[in-house]
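Student: Could you walk me through this one? I have not looked at it before, so please take it slowly.

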Amino acid sequence: MTPLLTFEDVTVTFGGVTALDSASLSVHEGRICALIGPNGAGKTTAFNTISRLIRPASGSITFAGEDLLRRHAADLGGLGLARTFQNLALWPGMTVLENVMVGRHARGKVGMFASALGFTGAREDRELRARAYAMLDYFGIADVAHRACAGLPFGTLKRVELARALVGEPRLLLLDEPASGLTHGDVRELGELLLRLRDEHGITLLLVEHHMQFVMDISDYVVALDFGRNLVSGTPTELRDNPLLIEAYLGTAV
């Protein structure tokens, strides 16, 4: 089966530093793939390269048959690719509903700020708000739709960012450290939610994450990087006790 996303032999350099060194990964549709590795392994650089925030020195990136290196970052939503960030990228002065509406801009006829501020046709505005409300309800946060994001609990804000990414109906969702800063209970609920997105809605997920138990509990496939290079890959069961992975994280094989 042809992968939905192919990231092949990608090299990224910053000055004299090589952040990715011929790194590769493939993500098949309807699966949860995790990209892991110690700090400085190149995980976020890989995400930023897929998101077209960084241009690689060499390699290829293909999504749903499209050469992503020929597309701009602004094109990705329309292609069916969305992303969340490790540091929440929400507008604190806007309401929860307005923030989620922004995530639909790639599917509408107007820009993202016009969507959030209501500068749309009446029919499109009604449809946009209905979809945003439905997504908030799905995430269990419809009760805060008209509250500003500023001051809301961190776990709630994580759900708002997820809702914003998903309201655009992506085929592939990139999640950058989704469990970061969450309580144990929130991490468990997040894992259940991501499994529902895969199983009930067929959304493909690629995540960067340090929370290893979370990764092993929900992932179908795991790719580990170290110093910008591929280290090991396989199912969680295959990698759980892998000595190369243990050495990369702990500094010594056990």
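Student: How many cavities of 30 Å³ or more does the structure hold?
Tutor: The structure, which is a predicted model, holds one cavity of 30 Å³ or more, where a cavity is a set of points on a 1 Å grid over the protein atoms alone at which a 1.4 Å probe fits but cannot get out. The volume, taken as the space filled by probe spheres set on points joined across faces, edges and corners, is about 60 Å³ for the largest cavity.

Student: And which residues line the largest cavity?
Tutor: Among them are Thr-84, Phe-85, Lys-158, Glu-161, Leu-162 and Pro-178, lining residues being those with an atom within 4 Å of a point. Helix α6 gives the most to this lining, with three residues, and the elements that give two or more are α6 and β7 (172-176); helices (H or I, at least four residues) and strands (E, at least two) are DSSP runs numbered from the N terminus.

Student: What should I know about the numbering and the model itself?
Tutor: Residues are numbered from 1 along each chain as its sequence is written. In this predicted model, local features need pLDDT of at least 70 and side-chain atom pairs count only at pLDDT 80 or more, while totals for chains, interfaces and linings use all residues, and side-chain values use heavy atoms, with hydrogens and water left out.

Student: OK, switching to the sheet: in what order do the strands come?
Tutor: Six strands form an open sheet in the order β6-β7-β8-β3-β9-β10, with mixed pairing, and two strands pair if DSSP finds at least two bridges between them. Because β6 (81-83) and β10 (229-234) stand at the edges with a single partner strand each, one side of each is left without a neighbour in the sheet.

Student: How do β3 and β9 pair, parallel or antiparallel?
Tutor: Strand β3 (residues 32-36) and strand β9 (residues 221-226) pair in the parallel sense over four bridges, and Ile-36 stands opposite Ala-224 in β9.

Student: Then the core: which members touch the most others?
Tutor: In the largest nonpolar core, which has 46 residues, they are Leu-136, Phe-139, Leu-173 and Leu-194. Such a core is a set of buried Ala, Val, Leu, Ile, Met, Phe, Trp, Tyr and Cys residues joined through side-chain atoms within 4.5 Å, and buried means under 20% relative accessible area with a 1.4 Å probe, protein chains only.

Student: Which helix gives the most to this core?
Tutor: Helix α6 (residues 154-166) does, with six residues. A second, separate core of 29 residues includes Leu-5, Ala-46, Leu-81 and Leu-172.

Technical notes. Buried < 20%, exposed > 50% of the residue type's maximum accessible area, 1.4 Å probe, protein only. 1 Å grid on protein atoms, 1.4 Å probe; cavity = no way out; pocket = protein on both sides within 12 Å on 5 of 7 lines; lining within 4 Å.
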